[in-house]
Structures are given as C-alpha cells and as structure tokens.
Amino acid sequence: MKLQPNHGLVLQREAGLVAIMTISKMKILYGPPGTGKTWRAAREAVKIVDPAVSETDVMERHAELVMSGAIIWVTFHPSYTYEDFVEGFRPEATEDGILYRPRSGPFRIACDNVTRSAPVGQLFFVGQDIKSSSGNEYEVVAASLDSVLLRNKKGKGAGLQTPVSLGLVSKLNELGFKPGDLSISGSDHEDKKAIAEKIGYDKQTLFGMTGPLRAVWEVVSQATPPKIDPRKVVLVIDEINRADLSRVFGELITLLEQDKRLGAPEERRVLLPYSQTLFGVPQELSIIGTMNTSDKSLSTMDAALRRRFEFEEVRPDPARCAFPYAGLDLRAILTGINRTIAVTATRERQIGHVSFELSRLEAVRDERAYPKTTDGELKAVATIIRSSIAPLLLDLFKGDWKKADFVLGRNFTQGKGGLFEEVNNEMIYSRAGDELDLVDMGEFFYPAWWDPDSSEWDAEKFSVLLSMSAS
C-alpha cells in the first residue's frame, strides 16, 4: 500500500508489525488577493494544534499558541534567504569587537519547539517581584519569550533597568552551570574569562549584569520542568511564493517528506553548514503557506516543493459580502465582476470578497465620516472601488480603461457614461514658479460625479451603473 504524502497517515514497521502514525499537514492556500487566505491559515493552524477549540475562541487561542511557540509566523519576500529561514551567522557586539555566531531562523526554531518545554519566558509576568539569594530585589518591567527587563528595587543602582537574555539563561543551564558560579570576585579576571569562553559570551556581557542575571537564572532553575513530550507545532509562511524557494529551503526539501522525518522508516538527517550539527525534521511539524495567484512571482515556486504540499484554492466568496448594503446587491455585483474578469482575462486575478465585507465598508464609512444612510454607504462603496478595485483592474488590463470600465458595468448601448471617461490626450499647462510645463492628462480619468467627496457626486447614477456589473 502506498500512501500519498499529505493524507494524514504513514505506515511504519515496528517489530514486524505495521504501525499507523498521524502525520503533519503540508498545505498551501492559494487564490486571488482579498479572499481571506491569511485569515484561513491562522484558523487552520489553531485547529491543528488544538482541534477542540471553539470557533468563537479561535483567535484568542491563536494568540496564546503564538506566545507559547506552538504557532510561528514568517513572511517571505524576494530577498529572503536560507540564512534567514534555517540558520546563519549574525553579528554580535562584544568587548573584543564584532563576532559572528550561528543563529537559528524560524524553521529551525519551529522544529526545536516540537520537543521543547514551555518557554522560560512564561515564568515571568509584568509586576512580578524577584529576590535572588544574594539579596538583590527586582521588579519585572517587561517580559517576552526572549528576554526579561528587570528594575532594581533597592541598593546600589536602585531604579536602573537591565534586560536579561533568556537564551543565555537556557544555555547556562544546558551547560550545567549554577547561579553561584557567577560569584567570582572582581580580581579573578582569568576565571571570568574561562567561564565566558566556555559559554560563548564575552566577559563583559556575562559578568556585567551578575545581579539581574542571577535573579532570573534562579527563577528558571527552581521551576519544576514539565515533562517534555512531542507537541504539534505549525509554521505559517505568508506569501510563500515571493521568495526563491529552492534557495530558502536548500537541502531541507528532502527532509520535508513524511517518510524522511525523524522516527519515520527512512529517517534522514543533514549536517547544517553553519552550526555543524545534525538536524532532522520532526513528524509533528506542520507547514501552512499562503500564495497570492495574482503575484508576478508565481514562477519561483520550486517544482520539488510543489510535490510536497497539498494545494487548496481559496476563492472569492460572495456570501461574505455585506447584504443588504447601500441598496445594492454586492453579492451579485462581485459575482458579475469576477465572471467578467474570468472571461476577459484570467480567473487568477479576480477580486476578493474582503473589499465588500461589512466590516471593511463600515470602517471606510466611519473613517471618512460619511453618514449612516444609503448615500453614506454608497460613498463608502465608491471609495473602495476608486482606491482599491479600479487600480487592480487597470493593472490587470495594462491600462486599457475601456476593459476596466466594462468590468465595472459600463452600458455600451448608451455610448458614453461609464465609470471612466475618455480624454483626447489633451495637453494642459501647469504653472511651476515662473515656468509653464506641459502635463499629459492621459487617456482616461475618474469622473467627478462618482467621487464621493466631490460636489458633483451623483449617487443615483453611480448606483445604476455599478448594478449593471451584476447582469
């Protein structure tokens, strides 16, 4: 029996038996802009980690899972690299100058988080008092997964605030050091230097904040470590097709396959080039990507990576449009616009429903201080079309305003009178100081009668013409 890579099951032979294991998801959500792909990705990530979460609590749960490291977000862009994604050398200022050390990127962090206990950052909260065995007292001013900011409450330097790296604390624990190891007199420079070199930090960083570091270190050391079991982790890659994926993933393309992951029948590990450590991808890591089909970088999607992902199209959903709104059937209008785009151009460049969702329309109406009337709602629709939809159509049709006008409902049986009007390339003079410059008006312009902030605004005409796009 041969299973496809994304069906959720994998066969593994154990002691002559065939065991079935649940595996991770490898999915890419693709579709035109404004269809809610990122919104869907966040919800799917939560459902993978916590399937029992209710729909009303999903976004609150999402925030908790991001803070715990169970969901990690990253956005790709054309200059994104392997060193950003997996690991690479990064500069660090020390007393000996700038040193370059290997630092993990979001992919390796996500893999590490599968078997990592709750981040030490969760042991601290704002306003918490910390008293170390040396007698120093501090208050937590700010806390994150990476660092803690402490304020000295008494004694020398009272009121001073010192940031403490939780990564440094974790490393000290892993190497077997104890908080008391920092109790070295100021004259023992060689001992300080030896400890600093073993840990990989410069002496000034390590011993220059002995008090706050020791206080945080003691909290971490005294906490009862939870049992470390493999947990589900989701890496969400927004705009996954905007980077050069073959360069970003590098040799990890093979490790993404379910039968090559840790614990699988054909487990594979690779030697990472910067840290020189053996590395494998755990079974529990899921990856969800989003892909904008109107993006010109679609060709950069590596064929080898395509085979490792399940693809799900996220199409415009007219049912999510506001209805009724401004006396218009925005569901029918969006359907008509997208049907025309699919026929005259490509279905991959359709308009997303987000533009006509009630929350978006009302946000525009409130921002522009339009009244909560039919006329005010029409002005909100006109604002979105002028500022968002019309420019997308002109880009799609390479500046052909007649095609864009046709998509938006121009009635050609009446000749002129669409949402765009033609100008005969007239040249007008524009005064700049004492000089006159010729300005080309172009081939079209947006008439003032559907400018919601113009005195020539004609709500009835705009409503009638836009409604034609639904037919």
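**Close-up views of a predicted model**

**View 1. Helix 14 and helix 16 cross at roughly 55°.** In this predicted model, the axes of helix 14 (residues 374-396) and helix 16 (residues 459-467) come within 10 Å. The crossing of helix 14 and helix 16 is left-handed. Two packed helices are described by the angle between their axes and the distance between the axes.

**View 2. Residues of helix 14 meet residues of helix 16.** Helix 14 contributes Asp-375, Leu-378, Val-381, Ala-382 and Ile-385. On the side of helix 16, the residues are Ala-459, Phe-462, Ser-463 and Leu-466. Sorted by class, this contact of helix 14 with helix 16 has 7 nonpolar, 1 polar and 1 charged residues.

**View 3. Arg-43 lies in helix 1.** Helix 1 spans residues 37-49. Arg-43 has a relative accessible area of 15% and is therefore buried, the cut-off being under 20%. Leaving aside neighbours within four places in sequence, Arg-43 is in contact with Glu-55, Val-58 and Met-59. Arg-43 and Val-58 are 15 residues apart in sequence, and their C-alpha atoms are 6.6 Å apart in space.

**View 4. Cys-111 is buried, and so is Cys-321.** The relative accessibility of Cys-111 is 5%, so Cys-111 counts as buried. For Cys-321 the value is 6%, so Cys-321 counts as buried too. The count of disulfides in the model comes to 0, where a disulfide would need a pair of cysteine sulfur atoms within 2.5 Å.

Terms used
Residues numbered from 1 in each chain as written. Predicted model: local features only at pLDDT ≥ 70, side-chain atom pairs only at ≥ 80, totals over all residues. Heavy atoms only, no water. Axes fitted to C-alpha atoms, helices over the stretch in contact; angles between N-to-C directions. Helix = DSSP H or I, 4+ residues; strand = E, 2+ residues; numbered from the N terminus. Left-handed = near helix turned anticlockwise from the far one by under 90°. Contact = heavy atoms within 4.5 Å. Nonpolar A, V, L, I, M, F, W, Y, C, P; charged D, E, K, R; others polar. Buried < 20%, exposed > 50% of the residue type's maximum accessible area, 1.4 Å probe, protein only.
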